[in-house]
Amino acid sequence: MKTKNLTSSSFDLVFLGMGAANSLLFLELSRTQQLDLKKIAIIEPDSKNSNDRTFCFWATETEIQEFHLTELISKSWDFATAGSQKHENISPLKYHHISAISLYNKVKEEIKKYPVTYFHEFVEDENIKIDEKQVHVTLADFKLETDFFFDSRPPKFKKCTNNQTSLVQSFFGWNIKTEQSTFDSNEFVMMDFDLDQMGSTQFLYVLPFTENQALVELTAFQKNPLEKKDTEHLLHSEILKRFGEFQIIATESGNIPMCTAQIELPTEKFNPYFATGAKAGNIKPSTGYSFLTSCKQAQKISNDISSETSEKNKHTPYKTRFQFYDRLLLNILNQNPSAGKPIFERLFQRNSVKEVIYFLKEETQGWNEIKLLCSLPILPFLWAAIKDVFACLPWVKLMPFVLGSCFLGFDYLNATFIVWALLLFGLFLVGIPHGAIDHLLESNHFDAPIKVGFILNYLLKMAVMALIWWVNPVSALILFLLYSAWHFGESEYQVANIWSFLWGCFMLTSLLYSHPLEFKETLSNMSVNVSISNAFEIWIGSFTVLIIIQLKRGFHRIWEILWLPLFSQLPLLQAFGLFFVFNHSINSSIHLMDGFSKKAIELFKKALPFTLAAFLFLGGFYFFRTWFSAEGWIAAFFIFISCISFPHVFAMHRFYRSHFFLPKK
Ligand SMILES: Cc1cc2nc3c(=O)[nH]c(=O)nc-3n(C[C@H](O)[C@H](O)[C@H](O)COP(=O)(O)OP(=O)(O)OC[C@H]3O[C@@H](n4cnc5c(N)ncnc54)[C@H](O)[C@@H]3O)c2cc1C
């Protein structure tokens, strides 16, 4: 196959797609003078000459000023009607309307101020390569690289998990002119359910521009988009019924995803790449609105790239508890498509329209939310909430709890062999495999062959550790504990810093000092004789520090320390095995799967030859244990583990740095 010699060029900023989000971003970057003297490219296949949609949103005057939207707004409404014809003043909010074409035209005018290179092409994921410093894009006849890349292509969603749902908000509307003056041009109709639901949830949405002109849309929340023929018929009869004879000036239709699944992204790890708009999750699943969130994101990106460190903070479009409420509603609609009408009608009967709008804007506090949620049909929401909580339970994090309790039971029943069998099984499944692909971490490539240089380097590090044990066991032990703490902490926090290290130190201290006698005995087997006094106080102290670190770090890993009191009741080796296999190794494996974008089975298969070799070796070690004294073989086992984990700590550190650490530009 012949390879084309493509012309290539470097850009400071590249905008992929020039729809709502990237237009808002371009305007914001231009306003803050961050485009001056910059080399800019825009890749957009569409000419953006048609008024293909409207952007409506609720906002206060302050927000309009903050996002510089005054000039774009073509109409605003002070009053709203919803549910069973409730009329309400929504002040200090207003419902604003922006025509897509006025945004597209405004940004085109702004673009003229800069020497922008335009490409009218579609770009797919395979044409984009992202590294820590730049994004590289291959077009039909051109290659470009850029320091900042804003990707606003439509989102692709991952497969829904148990508690996630994918519906569409489908709408079909006409901009109509009526013979009579029928509309109140100061009031829009948010949701009018007084029409045939046809087995789903559908309503009329009316935006009156004058007394005899309005956009009237039939909107449905359902699994599949509306069929044009059926919709036209229903819309026609509903308009006639409400407003009399009319004339169609323009049509508008579309489908907006109402999906609570995660969005697939090429990457979000590296600073040059920014997902924007719908691709960044800006569409709120329960409403389909994204405009104001994209305004906020434009401001945030503008601040991020102008800040001194240029470090990108995570963009979280919606608050966690509101994501939960959205999931509940969509799950109910998914299970029972016609449940929407009674839910929304009750919502508007028992709450003011303004309260509902603030809730949809995610600007309510806990108490208002409880009041609002209590006004909804209780049973379907309670049932959906129970299912959601179960689906969200962090089974991986609860596993040490569950297994720890089982181990206690087996020990009590003198069935300790089951404990060892489970630990061995876990060691085979994740414990050893998570460290058996270290050679891939060096090249950062999942299919890289193992190199001789790597093996020699690995063996050298092991030999250094063995030598330290031989020369000075106390120093070796201290070193072993320190790098273990470092490594355990790094794999908890996906980054190595003082907090992760402290976490590792106190986690190890808690584990060891809850078993003072066994700890002392194991140490003396390794020729390290120390007196262990005040073990209980040290254990309580380190456990308290762990809780404090958790508080400081926002309780991210509370599950993982709550099982420590339970572990103190198990023999040391069992407790350590549980921690190592069912917490540390599982966490690390999840990170490896994430970093290499591979499934668990692919990781396991890749590691299998090395896992089998390690098992054979350990089996041989156990078989020849009679060569050592009983204590000596345990000591030899630990020394071997410390030697083999020494190079592993380096390999994993390299992996975490390259996959989870955001470099400063
Ligand atoms: C009819 C209609 C009415 C709506 N009304 C509202 C409303 O009232 N309020 C509200 O908040 N939201 C509304 N929405 C939703 C809103 O329009 C979207 O959420 C918003 O446009 C998302 O912005 P975006 O920039 O992410 O995507 P878009 O605005 O869709 O822009 C994406 C751009 O990427 C380009 N593109 C696509 N694929 C590729 C590719 N492979 N390579 C390069 N470029 C590509 C497209 O041509 C497009 O220009 C409405 C949507 C429709 C369809």
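**Notebook: helix packing, domains and ligand shell**

I looked up the helix pair first: Leu403, Phe407, Phe410 and Asp411 in α11 meet Thr416, Ile418, Val419 and Leu422 in α12, contact being taken as C-beta atoms, placed from the backbone, within 7 Å. By class this contact has 6 nonpolar, 1 polar and 1 charged residues, where Ala, Val, Leu, Ile, Met, Phe, Trp, Tyr, Cys and Pro count as nonpolar, Asp, Glu, Lys and Arg as charged, and the others, including Gly, as polar.

I noted that this is a predicted model, in which local features need pLDDT of at least 70 and side-chain atom pairs count only at pLDDT 80 or more, while totals for chains, interfaces and linings use all residues. Residues are numbered from 1 along each chain as its sequence is written.

For the geometry, I found that α11 (residues 395-412) and α12 (residues 416-431) pack at about 145°, their axes 7 Å apart; axes are lines fitted to C-alpha atoms over the stretch in contact, and angles run from 0 to 180 degrees between N-to-C directions. Helices (H or I, at least four residues) and strands (E, at least two) are DSSP runs, numbered from the N terminus.

I then turned to the ligand, where Gly17, Gly19, Ala21, Gly254 and Gly277 come nearest among the 31 residues around it, a residue being near if its C-beta atom, placed from the backbone, lies within 6 Å. Two or more residues each come from α1 (20-31), β3 (54-60) and β17 (246-259), and β3 gives the most, with 4 residues.

I also recorded that domain 1 (8-73 + 93-157 + 263-313) and domain 2 (166-259) both give residues to this shell, so the ligand lies between them; the bounds come from an automatic or database domain assignment.

Notes
Contact = placed C-beta atoms within 7 Å.
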